[in-house]
Amino acid sequence: MLAYIKEAIKNVLLTFDKTNKTKGNNQCVFWNFKLFKGTGGWDSTGCKLDSETNVSVTCSCNHLTSFSILMSPYVPEYIEVALNYITYIGVSISMGCLVLCLIIEAFVWNIVTKNSTSHMRHVAIVNIALSLLIANIWFIIGAAVSNVGQSTPKNACSAATFFIHFFYLALFFWMLISALFLFYRTMMVFSHMSKSTMMAIAFSVGYGAPLIIAIITIAVTAPKNGYFRQDDACWLNWYQTKALLAFVIPALIIVAVNLLILIVILFKLLMRGVGENRQSDEKNALVVIARCVAVLTPIFGITWGLGIGTMVAPANPGVHIAFTIFNSLQGFFILVFGTLLDSKIRSAVVGRFSFLRSLSSRTRSTSAGPSLSSLAERFRRRRQNVSASDSSTSLRASDALISA
């Protein structure tokens, strides 16, 4: 549709017939000729959905150019509200579990990190929990930012997208660190690396690699206005620049590498004599690391595999529900398999509580003063002393009378 108008236009309403009535989440956009180095692309700035019926959509825009409707990935309307409830309830539970995990780790840190293997295992699980917790916080911030007005604030949404991307990647790279450390301690029995060297490598890979990927992603896609999604959601763009691949590809590669490491270690552990010379604390740490990698890697892999499924089969409600549930309960899985199922942590927690209880009992007994039994004993002794004193006085008086 082309129109030539001499007068200034402050607002225009355009009505479009629906050619595909099965899709939802309609969005009003215009063709911005300045995007992608002059090749153009769809842009929602200055446009909003005014009204919608079963057969048509009306858009309200404050400028004129080429207009159309951009269909975002379809979420069936009858489950959209349920998905929102599952997401926010699940994220709240996940964040509570992650906070509890960090509190428990801090509570027993000095007890459970006595050797380098245990220390590395707990450093990894703390950073996994911390990364997911911060990512969830930024997810909530991004959701709030994208709902503040008619159009999503570019700078705020870019910041939320950057930090969500960075900390989700950090979560996967710390999982990779756990798997590589398990491989190193299992396969290279006689090799020894200092704790400071292990920490330097772990933090360089755990946070350095995600930071590089996140910076490159925003540097390449932001100038094209294709960093975050154009459907009022603060997350990596897919349709214009495929920025989402900067998260999906590293995450799936790490899942594949971790599963390969688990297969190699499984064959190694089946060999006779593996780990016979290790101390019990070190064996326990390696077992817990193996369990975390074996359980959490498939869970994270399935979660984001389902996320890809929502793009491949957007009309399938089961895929949306499964992805939402798995994604919102990752913190619960970390608490259970990374902390609560560790017998050393449970013993340390029980020991700490027993120590605090005994210390509190001593403090109360000291501050409360003498007990009732001690007071009774003191009174009995005082009576004996008084009786003895009276007897001695009577004897002295009798002696005096006799002498007289």
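**First stop: helix α8**

Start by selecting Q330, G331, F333, I334, L335, V336, G338 and T339: these residues of α8 are buried, meaning under 20% relative accessible area with a 1.4 Å probe and protein chains only. Helices here are DSSP runs of H or I with at least four residues, strands are E runs of at least two, and both are numbered from the N terminus.

Before moving on, keep in mind that this is a predicted model, where local features need pLDDT of at least 70 and side-chain atom pairs count only at pLDDT 80 or more, while totals for chains, interfaces and linings use all residues. Residues are numbered from 1 along each chain as its sequence is written, and side-chain values use heavy atoms, leaving out hydrogens and water.

**Zoom out**

Now show the chain as a cartoon: it has 10 helices and six strands. Colour by burial and 40% of the 404 residues come up as buried.

**Inside: the largest cavity**

How many cavities of 30 Å³ or more does a search of the whole structure find? The search turns up two. A cavity is a set of points on a 1 Å grid over the protein atoms alone where a 1.4 Å probe fits but cannot get out, and lining residues have an atom within 4 Å of a point. Points are joined across faces, edges and corners, and the volume is the space filled by probe spheres set on them.

Select R121, A124, I125, I128, M175, S178, I289, C292 and V293 to see the lining of the largest cavity, which holds about 70 Å³ of space. α2 (116-145), α3 (154-187) and α6 (280-312) each supply at least two of the lining residues, and α2 gives the most, with four. Colour by class for seven nonpolar, one polar and one charged; Ala, Val, Leu, Ile, Met, Phe, Trp, Tyr, Cys and Pro count as nonpolar, Asp, Glu, Lys and Arg as charged, and the others, Gly among them, as polar.

**Last stop: the second largest cavity**

Next, pick F172, M175, I254, V255, N258, T297 and F300, which line the second largest cavity, with a volume of about 30 Å³. Here α5 (245-269) joins α3 and α6 in supplying at least two residues each, and α5 gives the most, with three. This lining has five nonpolar, two polar and no charged residues.

How values were computed: Buried < 20%, exposed > 50% of the residue type's maximum accessible area, 1.4 Å probe, protein only. 1 Å grid on protein atoms, 1.4 Å probe; cavity = no way out; pocket = protein on both sides within 12 Å on 5 of 7 lines; lining within 4 Å.
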